[in-house]
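Me: I have a structure here and would like to go through it by question and answer. Could we start with the surroundings of the ligand?

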Amino acid sequence: MKSTTSGKPVFIARRGGPRLRLVLVRVSVGLLVALAVLPTLPGVGDSALFTLTLMLTSVAVAVNWNLTGGFTGYVDFGHAAWFGIGAYTTAMLMSLQTNGPQIGWPAPPAMILGAVVAGAVAAAIGRATMRLKGPYFSIAMLGTFVAVREIVRVSGGLTGGGVGLTLPPYLNRPLFYYIQLALVAGLVAFTWWLRGTRFGAALVAIREDEVGAEMRGINTTRLKVIVFSFAGFSTGLFGGLWAYQNTFVDPDIAFVELRTVDAVMGTMLGGLGTVAGPVVGTVALFWLRELLWANLLDYHLIAQGVLLIVIVLFLPRGLVGIVDPRGASVTGLWRRWIGRGARENEPGKEP
Amino acid sequence: MTALLDARGVVKRFGGLTAVDGVDISVGPGELVGLIGPNGSGKTTLFDCLSRISAIDSGSISFDGVDITRHRPHQVARLGLARTFQLIRVYRELTVSENMELSIQWRRVGTARLFGRTDAATRRRVESLLEFLLLSGLRHERAGALSGGQRRLLEIGMALMSEPKLMLLDEATSGVNPTLVAEIADRLREVNANGVAILLVEHNVGFVAELCHRVVVLDRGAKLAEGTPRQIMEDPAVIEAYFGAEGE
Ligand SMILES: Nc1ncnc2c1ncn2[C@@H]1O[C@H](COP(=O)(O)OP(=O)(O)OP(=O)(O)O)[C@@H](O)[C@H]1O
Ligand SMILES: [Mg+2]
């Protein structure tokens, strides 16, 4: 009864067993404590904290990108649009002037509404674009990103147009740092929880074989739009936080392609479709960039291209994939992206 | 007795090619029906139509008293229609167990259970089905690492997980070790004895003759014959179109 149908020995992969989980929990707690005491250390000034805060922002954006790109397999080239929408909504609400010197909305409701608007726009757009497959989806999202930025640029009355908007300054770097740290930790914990639910598993099923998932009773459209909207909401929230700290937004700094590129690169480097991947990868990417920036100023773009090639060739499951093989591989994502996914290792169909 | 699945005048065209040309097919509750025909006669395309993966150009399909002509595949699955694929579809990066756990009857999964974890009852069901399909030893294996035959069995297991009323099996024995084919036949008979209707596409005529109550023959997209296995085997038109063509 126990023998398998083929003669090969049964290989039971320990996929993220309890020991690995324990290590991960310890590392995460240790890291959180270290990051929490960091601002109290001598020599850690506001500018260092701001740099760290920006890194945490990138981590959050990558974690959100990974929800659609890594778990669900929909490679979004326009994810930075939600960041910009969150930033702009926050800026517009906070700089609202109703005849006279009266100041606009306070920050917390403005940022929350910013996130809600980003999520709502993502829901509306996702309903249409998530019917598209592979490169068509990616390019539609890139188009969305560019279109949103240009709409913001030409709607001068509301958005300040190309000139931008100034927010009431409130400079408290440690406070922002702690808020951001708590939110990112919460977001990562949330993703970890989500991956363990039926919903999270169903997202992976959609990535692995969407037709199969749909045929087995999963309402793929609904799930895709939910996760896409959540990612938009969450990235929008971090956009609002960023706008408030930056005290100024204009179309070119709120809508930056590089934010999407960083999320994609960071997630691939860390491990697509894993919980820790986008965190590890984004931190590694920042560190690498610092290193390259200092030493290879003229070549850092080439260096990034080389990095991508290295990932594809040697680390298809990213840094996290070295210890935990549960994620998706870059090569698998690529195959699915160009449309040779579910069908390529079909066993002997008779001619 | 009203039919469980009832399709009338199903037409499916690909450009100028009519792959399914006005086929009527029905399956009664608990029935085991075979669907045979030469390569390219439209069997898989008909399955795609019946399971609503492909839109049809004309005709109507009802399942369990519900008109599903315009349903989406997941809605059909939630009514109790499960299928397997000629070109196997499993979630390759997931383990065998995870594949099974994801193939539950989603009709019963409300919002709370959608955001819950796999429960003990589901895990027990997975265990017993894997045992039944001789796959227990592979539960932690990545589905992508299984052999073709093992994947066929896994797909049958996934179809069974959803507690279907009807299973559409597209070449469930192709690529399977011959000794295992007999096992599959036994399993299917047992499943069928528990009240699950089955419509299966097969090239293995012996398998069909031995297993099925009724056989439908397709040729060039149209229904050529229908009857008991014995009637079909003796039908000159079938011998001409199917066995004749095979022998060439
Ligand atoms: N997506 C498609 N686009 C165009 N033509 C198609 C498509 N799918 C199937 N066909 C054509 O429709 C016809 C029926 O194909 P189908 O796969 O349904 O046959 P089949 O009976 O399942 O054959 P086999 O026994 O080889 O599996 C064939 O001529 C095939 O080339
Ligand atoms: Mg076929």
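Reply: A residue counts as near a molecule if its C-beta atom, placed from the backbone, lies within 6 Å of that molecule. Keep in mind that this is a predicted model.

Me: Which element gives the most residues to the shell around ligand 1?

Reply: The shell around ligand 1 includes B:Phe14, B:Leu17, B:Ala19, B:Lys43, B:Thr44 and B:Thr45. Two elements of chain B each give two or more residues to this shell, strand 2 (17–27) and helix 1 (43–50). The one that gives the most, with 3 residues, is helix 1 of chain B.

Me: How many residues of the shell around ligand 1 are polar?

Reply: Among the residues around ligand 1 are B:Gly37, B:Asn39, B:Gly40, B:Ser41, B:Gly42 and B:Gln86. Gly counts as polar here. By class, the shell has 3 nonpolar residues and 1 charged residue, and the number of polar ones is 8.

Me: Is strand 3 of chain B mostly covered or mostly uncovered?

Reply: Strand 3 of chain B spans residues 32–36. B:Leu32, B:Gly34 and B:Ile36 point one way from this strand, while B:Val33 and B:Leu35 point the other way, and all are buried. In a regular strand the side chains alternate between the two faces of the sheet. With 5 of its 5 residues buried, strand 3 of chain B is mostly covered.

Me: Which residue of strand 8 of chain B is the bridge partner of B:Gly34?

Reply: Strand 3 of chain B pairs in the parallel sense with strand 8 (residues 197–201) of chain B, over 4 bridges. Within strand 8, the partner of B:Gly34 is B:Leu200.

Me: What stands opposite B:Ile36 in strand 9 of chain B?

Reply: Strand 9 of chain B covers residues 214–219 and runs parallel to strand 3 of chain B, the two being joined by 4 bridges. In strand 9, the residue opposite B:Ile36 is B:Val217.

Me: Which helix of chain A gives the most to the side that touches chain B?

Reply: Contacts between the two chains involve 38 residues of chain A and 48 residues of chain B. Helix 8 (198–208) and helix 9 (210–215) of chain A each supply at least two residues of the side of chain A that touches chain B. The most, 7 residues, come from helix 8 of chain A.

Me: What percentage of the residues in chain A are buried?

Reply: Chain A contains 15 helices and 2 strands. Of its 351 residues, the buried ones make up 46%.

Technical notes
Residues are numbered from 1 along each chain as its sequence is written. Chains are lettered from A and ligands numbered from 1 in the order in which they are written. This is a predicted model: local features need pLDDT of at least 70, side-chain atom pairs count only at pLDDT 80 or more; totals for chains, interfaces and linings use all residues. A residue is buried if 20 or more other C-beta atoms lie within 10 Å of its own, exposed if 12 or fewer, and partly exposed in between; C-beta atoms are placed from the backbone. Two strands pair if DSSP finds at least two bridges between them. Two residues are in contact if their C-beta atoms, placed from the backbone, lie within 7 Å.
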